[in-house]
Amino acid sequence: MPSLDLLLTFVEVYRAGSLSAASQRLGFTQPAVSGQLARLEEQIGEPLFVRTSRGVTPTPRAAALASRVSGHVDGLRKALGSSEEPLLGGTVRIGAAAEFMTLCATPVLADLTRQGVQVHAVLGLADDLLAALVADRLDLVVSSVRPTHDALHGEAFVDEQFLLVAPPDMARTVDPERLRNEPVAALAHLPLVAYAEELPIIRRYWRSEFGRRPPNPLAFVVSDLRAVLEAVTGGAGVSVLPRYIALPALQSGKVLQLHEPEAAPLNTLYLAVRRNAPPNSAVTVLREALRHAARRWDML
């Protein structure tokens with residue numbers, strides 16, 4: 001069983017994304033940090049980080065280890081501090097898409113507030129939220145695009161599964177045999193309900209499944225996927241939605257899945273943080289809580 005000091009060093013390196021930044025946080029020399037990390041890797045039996053010119057990149061084993069131990073390390077560090085301090089406390093600034101924040105993240109955040117944490121939630125598009133994270137206006141972002149900025153560390157979090165759905169009356173106008181043989185032509189008469197005029201989600205589905213852009217007429221544009229679902233159930237047209245948004249309407253029969261691919265298109269969501277952010281126990285606990293929830297969701 002690795003000692004607490006080795007695990008503490010590991011957690012700091014994992015969060016900082018570099019040995020030099022971790023050594024500054026811990027008050028150790030960089031060779032000391034490197035030596036402790038080498039001892040831990042020897043005990044575990046495999047490398048935990050890949051060294052690069054910009055720092056270190058965690059291996060899958062490191063991500064799994066951090067998920068298991070970082071919350072416990074923070075708890076022990078807190079317990080060894082002042083007994084007058086609150087159990088957790090602090091502030092978390094989190095950004096995510098409005099739909100994910102409302103339907104998935106809010107219960108996790110509400111639980112965090114019961115531990116004395118103040119939560120500031122920001123809704124927006126992935127690129128805008130990641131820019132705010134780089135600028136230190138956010139602590140953590142749930143991003144629908146993979147973070148590529150050197151200042152950010154992103155880890156795959158959970159997959160969204162996308163479904164093509166239609167109101168029952170429209171679904172019945174599609175010939176099943178033609179849908180199998182000529183899907184684009186079979187669906188071309190159906191009006192679309194889209195998140196944006198560029199049809200980002202719908203276009204991706206058509207290209208993935210049918211090999212081309214949709215030629216369908218655009219009937220309704222609204223920049224909230226929950227409103228897209230309401231428009232579909234109201235009969236305005238068909239759309240492509242994440243399963244977690246469409247599922248209640250599918251279960252009630254208000255919409256039908258119009259097309260069933262062999263493997264439904266997926267989009268990976270990422271948890272993104274700044275590599276050199278100062279330690280924040282509330283952010284660490286939130287990351288662990290979101291990871292735990294993702295294991296329960298399995299797929300959105």
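Colleague: Before we start, what should I keep in mind about the model and its numbering?

Modeller: The model is predicted, so local features need pLDDT of at least 70 and side-chain atom pairs count only at pLDDT 80 or more, while totals for chains, interfaces and linings use all residues. Residues are numbered from 1 along each chain as its sequence is written, and side-chain values use heavy atoms, with hydrogens and water left out.

Colleague: Fine. How many helices and strands are in the chain?

Modeller: The chain has 13 helices and 11 strands. The C-alpha trace spans about 70 × 40 × 35 Å along its principal axes.

Colleague: And how much of the chain counts as buried?

Modeller: Of the 300 residues, 47% do. Buried means under 20% relative accessible area, exposed means over 50%, and partly exposed is in between, with a 1.4 Å probe and protein chains only.

Colleague: What makes Glu46 and Arg61 a salt bridge?

Modeller: Their side chains meet at 2.8 Å, N to O, and that passes because the limit is 4 Å. This pair links distant parts of the chain: Glu46 is in the loop between α3 and β1, Arg61 is in helix α4 (residues 60–79), and they are 15 residues apart. Glu46 at 33% relative accessibility counts as partly exposed, and Arg61 at 29% counts as partly exposed too.

Colleague: How many salt bridges does the structure hold?

Modeller: The structure holds 12. As a general point, side chains of opposite charge can pair when their charged atoms come close.

Colleague: Which residues are linked in a network of salt bridges?

Modeller: Arg93, Asp136, Asp139 and Arg274 are. Take Asp139 and Arg93, whose side chains meet at 2.8 Å, N to O. Asp139 lies in the loop between α6 (126–134) and β5 (140–143) and Arg93 in strand β3 (residues 91–96), so the pair ties together parts that are 46 residues apart in sequence. Asp139 is buried at 13%, whereas Arg93 is partly exposed at 22%.

Colleague: What about Arg274? How do you know that Arg274 is buried?

Modeller: Arg274 has 12% relative accessibility, so Arg274 counts as buried. Arg274 is placed in strand β11, and a polar contact of 2.7 Å joins the side chains of Arg274 and Asp136. That label calls for a pair of N or O atoms within 3.5 Å; within protein, one must be able to donate a hydrogen and the other to accept it, and residues adjacent in sequence count only if both atoms are side-chain atoms.

Colleague: Where does Asn267 lie, and what does the side chain of Asn267 reach?

Modeller: Asn267 lies in strand β11 (residues 266–274), and the side chain of Asn267 reaches the backbone oxygen of Ser144 at 3.3 Å. At 12% relative accessibility, Asn267 counts as buried. Leaving aside neighbours within four places in sequence, Asn267 is in contact (heavy atoms within 4.5 Å) with residues including Ser144, Val158 and Arg204.

Colleague: Last one: why is Leu109 called buried?

Modeller: The relative accessible area of Leu109 is 7%, so Leu109 is buried. Leu109 is found in helix α5 (residues 98–113). Apart from neighbours within four places in sequence, Leu109 is in contact with Ile94, Met101, Val119 and Leu286.

Notes. Helices (H or I, at least four residues) and strands (E, at least two) are DSSP runs, numbered from the N terminus.
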